[in-house]
Amino acid sequence: MKKRWYDYLWILSLSYLILGFFNILFAWLGLFCFFTPLIISVVKGTKGYCNRYCGRGQLFGLLGGRFGLSRKQDIPGWMKSKAFRYGFLIFFFVMFFQMLWNTYLVFAEAAELKQVVTLLWTFRVPWQWAYHGELFHPGVAQFAFGFYSVMLTSTILGLFTMILFKPRSWCVYCPMGTMTQLICKVKNKERLL
Amino acid sequence: MAKATRIPRKAQVMESLCVACGCCVKVCPMKAVSIYKGIKAVVDQKLCVGCGKCAKECPASVIEIREARP
């Protein structure tokens, strides 16, 4: 099959993860992976982002497929159930708003900037080496740390299920994928449950 | 002697569990699969040759190669 330019977007996804180790402010670029799928689903009513442009999916496909890092087993039934997918989306939302709240507190100068990346919503990993200072308000950096935590956490989860199940098993419960599919269903008046 | 009839095997999607990720579209050598309005994968039964690549790729394992009675 002929490769198109968008078949190489995994390079961007990989670079994004690496850049976060050097300067946390690059984490803001991740908003592209947030707004592009939403805009495509709202405007066009398709999952064009998942289907074509998702660099993270491509990265998992490459590591699990070409590099053989996946057992290629079936994902358990409960993980593809609507209950789990919608539940995970809600959980992700709650955690995301908590992260926004923490950012707000720093902007409002009610809390100090915490130079940590929180993995799997639990483990606070010191990350001060990627913060170089005073150019922006500390709140800008707080959002970057929070957003990078979300991105790294989901990558770790995705890698974990990539190894256990099929390469792109992250796509089954990816909150963005679930959300864009819901938007498409609403737009096209399809049943949600 | 009765003519032996062979029922062709083709890809069938369990639509209610499909996440519409599009992995199946990428691997299909016949361009027989498409994502319908971001909701589910749809297999063009006329184009499908039942090779099973999509079933193998599907991260949710919701595609089966089954005998397709017209």
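Reader: Which residue's backbone nitrogen does the side chain of Ser81(A) reach?
Author: Ser81(A) sits in the loop between helix 4 and helix 5 of chain A; helices are DSSP runs of H or I with at least four residues, strands are runs of E with at least two, and both are numbered from the N terminus. A polar contact is a pair of N or O atoms within 3.5 Å; within protein, one must be able to donate a hydrogen and the other to accept it, and residues adjacent in sequence count only if both atoms are side-chain atoms. At 3.3 Å, the side chain of Ser81(A) reaches the backbone nitrogen of Phe84(A).

Reader: What kind of model is this, and from which number does the residue numbering start?
Author: The model is predicted, so that local features need pLDDT of at least 70 and side-chain atom pairs count only at pLDDT 80 or more, while totals for chains, interfaces and linings use all residues; side-chain values use heavy atoms, without hydrogens and water. Chains are lettered from A and ligands numbered from 1, in the order in which they are written, and the residues of each chain are numbered along its sequence from 1.

Reader: How far apart in space are Ser81(A) and Val172(A)?
Author: In sequence, 91 residues separate Ser81(A) from Val172(A). In space, from C-alpha to C-alpha, the separation is 9.3 Å.

Reader: Which residue forms a salt bridge with Lys166(A)?
Author: Side chains of opposite charge can pair when their charged atoms come close. A salt bridge is a side-chain nitrogen of Lys or Arg within 4 Å of a carboxyl oxygen of Asp or Glu. Here the N to O distance is 4.0 Å, and the partner of Lys166(A) is Asp74(A).

Reader: How are helix 1 and helix 4 of chain A oriented to each other?
Author: The axes, which are lines fitted to C-alpha atoms over the stretch in contact, are compared by angles from 0 to 180 degrees between N-to-C directions. Angles under 35 degrees count as roughly parallel, over 145 as roughly antiparallel, 65 to 115 as roughly perpendicular and the rest as oblique. The axes of helix 1 (residues 10-19) and helix 4 (residues 55-66) of chain A come within 7 Å and cross at roughly 95°. The two helices are therefore roughly perpendicular.

Reader: How many charged residues are in the contact of helix 5 with helix 8 of chain A?
Author: The axes of these helices of chain A come within 9 Å and cross at roughly 110°. Contact means heavy atoms within 4.5 Å, and residues including Phe88(A) and Leu89(A) in helix 5 meet residues including Met179(A) and Leu182(A) in helix 8. Ala, Val, Leu, Ile, Met, Phe, Trp, Tyr, Cys and Pro count as nonpolar, Asp, Glu, Lys and Arg as charged, and the others, Gly among them, as polar. The contact has eight nonpolar residues, two polar and, as charged residues, three.

Reader: What area is buried between chain B and chain A?
Author: Buried area is the accessible area (1.4 Å probe) that two parts lose on being put together, summed over both. The contact takes 23 residues from chain B and 23 residues from chain A. Carbon and sulfur atoms give 51% of the buried area, which is about 1,900 Å².

Reader: Which element of chain B gives the most residues to the side that touches chain A?
Author: Between the two chains there are 13 residue pairs in polar contact (both at pLDDT 80 or more). Helix 1 (23-27) and helix 2 (53-57) of chain B are the elements that give two or more residues to this side. With three residues, the element that gives the most is helix 2.

Reader: In what pattern do the helices and strands of chain B follow one another?
Author: Chain B holds two helices and four strands. Read along the sequence, the pattern is β-α-β-β-α-β.
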